Amino acid sequence: MLFDLKNVSHTYLRDTPFATQALRDLTLSIPADQTVALVGPTRSGKSTVVDLLSGLIKPALGTFFFQGDDVAAPAFAIERLRSTVGTVFQSPEAQIFEETVGKDVSFGPRRKNVPLAESRRLVQESLEAVGLPYEDFRTRYTYALSGGQKRRVAIAGVLALQPNVIIFDEPTAGLDPRGRRELLDLIARFKEQHHFTIIYVSSSLEDVITLADQIHILDQGHLVFSGTPREILARADELTKLDIALPETTQIALALRDLLPAIRTDVVTLDELEEEILKHSTQMKMGR
Ligand SMILES: Nc1ncnc2c1ncn2[C@@H]1O[C@H](COP(=O)(O)OP(=O)(O)O)[C@@H](O)[C@H]1O
Ligand SMILES: [Mg+2]
């Protein structure tokens with residue numbers, strides 16, 4: 001197993017009046033070579049899990065295993081975790097601090113003392129991989145980029161570190177519909193072409209329903225349930241009680257429940273939804 005969280009709890013500002021329990025007895029396994037989504041409403045603890053998986057914090061209670069090794073053990077080298085996992089943190093604009101795109105993306109390789117020619121190649125490949133042509137973008141000022149471009153630059157900066165695992169923490173938040181679509185397409189391509197292990201964090205199921213192999217639903221710092229996209233959507237009723245955005249097709253299926261009580265909610269495409277509606281309305285006409 002790539003990551004194993006066992007009964008992990010985490011409290012910020014412990015022993016102060018501002019103490020907040022972010023994770024409660026969370027047990028979660030993430031295998032390598034899968035696309036795993038962590039979905040939950042705001043403040044459900046998603047970014048705290050991201051900080052754990054990125055090696056930035058250690059669990060106050062419980063155990064975190066990376067590739068079978070206890071991260072809290074004295075012999076564990078945290079660099080092993082950090083060189084495997086690349087994280088695009090929430091609001092990645094904040095991760096950009098160099099003046100030009102080329103400098104920003106080469107920050108990681110330079111810090112790792114990667115030889116110049118190799119670093120240049122990594123920057124070029126990483127920018128091209130996020131759809132920003134190298135020659136055009138390397139000298140551009142980072143402050144003048146659009147929101148979507150900044151996010152791509154931040155992703156390129158993570159790619160230049162050559163991670164095997166990439167974590168995206170709410171990567172589409174705040175983007176317009178087109179920017180969102182483009183970024184989702186980009187991540188889908190990473191999955192198909194580069195075989196990264198991808199961990200995608202979101203407060204919306206819409207983003208992950210066609211992307212994820214496995215989805216974990218978080219609420220108030222604990223795991224509510226896990227399953228494949230279809231298994232998750234089949235439990236749409238329970239999800240509406242949490243503040244999680246459902247895919248449009250599922251919302252329509254749920255809204256039709258009064259009329260067609262037997263309609264399935266695990267409809268992923270519009271075609272499937274149409275089929276369900278036709279099936280159940282025919283049955284209704286036949287008096288069933
Ligand atoms: N650095 C921090 N200091 C204090 N409290 C925090 C900090 N980060 C997160 N929290 C609190 O922990 C809880 C979980 O937050 P977070 O992991 O950011 O959830 P999410 O990413 O799902 O919105 C929230 O109640 C939040 O206010
Ligand atoms: Mg968050």
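Which residues of helix H12 (residues 248-255) are buried? In this predicted model, they are Thr-249, Thr-250, Ala-253 and Leu-254, where buried means under 20% relative accessible area, exposed over 50% and partly exposed in between (1.4 Å probe, protein chains only). Helices (H or I, at least four residues) and strands (E, at least two) are DSSP runs, numbered from the N terminus. Viewed down the axis of H12, the buried residues fall within an arc of 135 degrees, so they line one face of the helix; the arc is that of the directions from the helix axis to the C-beta atoms. An α-helix has 3.6 residues a turn, so residues three or four places apart point the same way. The face turned away from the buried side of H12 carries the exposed residues Glu-248 and Ala-255. On the buried side, the packing partners are helix H10 (229-233), helix H11 (236-241) and helix H13 (270-285), with contact meaning heavy atoms within 4.5 Å.

Turning to the metal site, Ser-47 (OG) and Gln-90 (OE1) coordinate the magnesium ion (ligand 2) at 2.1 to 2.2 Å. Donors are N, O and S atoms within 2.8 Å of the metal (3.2 Å for Na, K and Ca); water is not among the atoms, so the site may look incomplete. Ser-47 belongs to helix H1 (residues 46-53), whereas Gln-90 sits in the loop between strand S6 (85-88) and helix H3 (101-105), 43 residues apart. Ser-47 is partly exposed at a relative accessible area of 26%, and Gln-90 is partly exposed at 38%.

Residues are numbered from 1 along each chain as its sequence is written, and chains are lettered from A and ligands numbered from 1 in the order in which they are written. Local features need pLDDT of at least 70, side-chain atom pairs count only at pLDDT 80 or more, and totals for chains, interfaces and linings use all residues, while side-chain values use heavy atoms, with hydrogens and water left out.
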